[in-house]
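Subject: Structure handover

Hello,

Here is the structure you were expecting, with the sequence alongside.

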Amino acid sequence: MINIKKSILLIPCTLLFAGCKVTYSFSGASISPEVKTVSIPRFPNNALLVAPILSSTLTEALQDRFSRQTRLTLVPEGGDLNFEGEITNYTSTPAAISGNEYAVRNNLTITVRVRFTNTIDPSQNYDKTFSAFAPYNSDQLLQNAEPTLIPEIVEQLVEDIFNAAVSQW
């Protein structure tokens with residue numbers, strides 16, 4: 001008799017939870033199962049000051065992040081998720097001034113405008129500007145600091161762009 005009562009209670013509970021689906025990922029991404037593809041065309045550098053490697057570094061880093069940390073297939077255009085945008089600003093500004101009114105630290109700041117389209121769930125679409133910076137010593141020329149600063153800043157930007165698109169925290 002007790003086993004029958006337990007079975008009767010267990011059946012509705014099983015049916016209740018059978019329709020629920022929760023997906024977790026180590027990347028923090030929450031991507032609908034209907035989403036299969038992502039397109040990330042080249043982000044042109046439209047800033048007044050142009051670093052030759054920046055456009056390709058940013059585009060490839062964003063493509064790599066989606067290839068490595070999601071199940072999505074990268075397609076040239078028309079993906080279920082689509083990123084378009086451009087680098088809008090690339091500046092070096094003083095960050096710390098000495099007693100002699102000379103800059104001792106500078107910040108390299110990169111700003112990117114991103115238009116994200118989710119064809120499966122348009123409520124997640126956005127048109128946002130992302131900005132990140134990294135400091136460097138003022139006794140170092142910007143051209144000499146760029147090879148280490150650009151990848152560091154791009155990593156921050158890609159993290160922010162990725163999270164805004166697929167991490168619903």
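Predicted model: local features only at pLDDT ≥ 70, side-chain atom pairs only at ≥ 80, totals over all residues.

Aromatic residues

There are five aromatic pairs in the structure. In one of them, the ring centres of Phe83 and Phe116 are 4.8 Å apart and the ring planes meet at 40°, so the pair is tilted; planes under 30 degrees apart would count as stacked and over 60 as edge-to-face. This pair joins distant parts of the chain, since Phe83 lies in strand β3 (residues 81-97) and Phe116 in strand β4 (residues 103-118), 33 residues apart. Phe83 and Phe116 are both buried.

Phe83 and Phe116 also belong to one aromatic cluster, together with Phe66, Tyr126, Phe130 and Phe162. The charged end of Arg65 sits over the ring of Phe162, 4.1 Å from the ring centre. Over the ring of Tyr126 sits the charged end of Lys128, 5.1 Å from the centre.

Helices α2 and α3

Two packed helices are described by the angle between their axes and the distance between the axes. For helix α2 (residues 54-69) and helix α3 (residues 142-166), the angle is about 45° and the axes are 9 Å apart. That angle makes α2 oblique to α3, and their crossing is right-handed.

On the α2 side, the residues that meet α3 are Leu54, Thr57, Leu58, Ala61, Leu62, Arg65, Phe66 and Gln69. Their counterparts in α3 are Ile150, Val154, Leu157, Val158, Glu159, Ile161, Phe162 and Val166.

Two single residues

Thr117 is in strand β4. Its relative accessibility is 31%, so Thr117 counts as partly exposed. Leaving aside residues up to four places away in sequence, Thr117 touches Asp80, Leu81, Asn82 and Asn125. The C-alpha atoms of Thr117 and Leu81 are 5.7 Å apart, although the two residues are 36 residues apart in sequence.

Leu48 is in the loop between β1 (37-39) and α2. Is Leu48 buried or exposed? With a relative accessible area of 91%, Leu48 is exposed. Between the C-alpha atoms of Leu48 and Thr88 there are 8.1 Å, and the two residues are 40 residues apart along the chain.

Regards

How values were computed:
Residues numbered from 1 in each chain as written. Heavy atoms only, no water. Phe/Tyr/Trp six-rings, centres within 6.5 Å; stacked < 30°, edge-to-face > 60°. Helix = DSSP H or I, 4+ residues; strand = E, 2+ residues; numbered from the N terminus. Buried < 20%, exposed > 50% of the residue type's maximum accessible area, 1.4 Å probe, protein only. Lys NZ or Arg CZ within 6 Å of the ring centre and 35° of its normal. Axes fitted to C-alpha atoms, helices over the stretch in contact; angles between N-to-C directions. Parallel < 35°, antiparallel > 145°, perpendicular 65-115°, else oblique. Left-handed = near helix turned anticlockwise from the far one by under 90°. Contact = heavy atoms within 4.5 Å.
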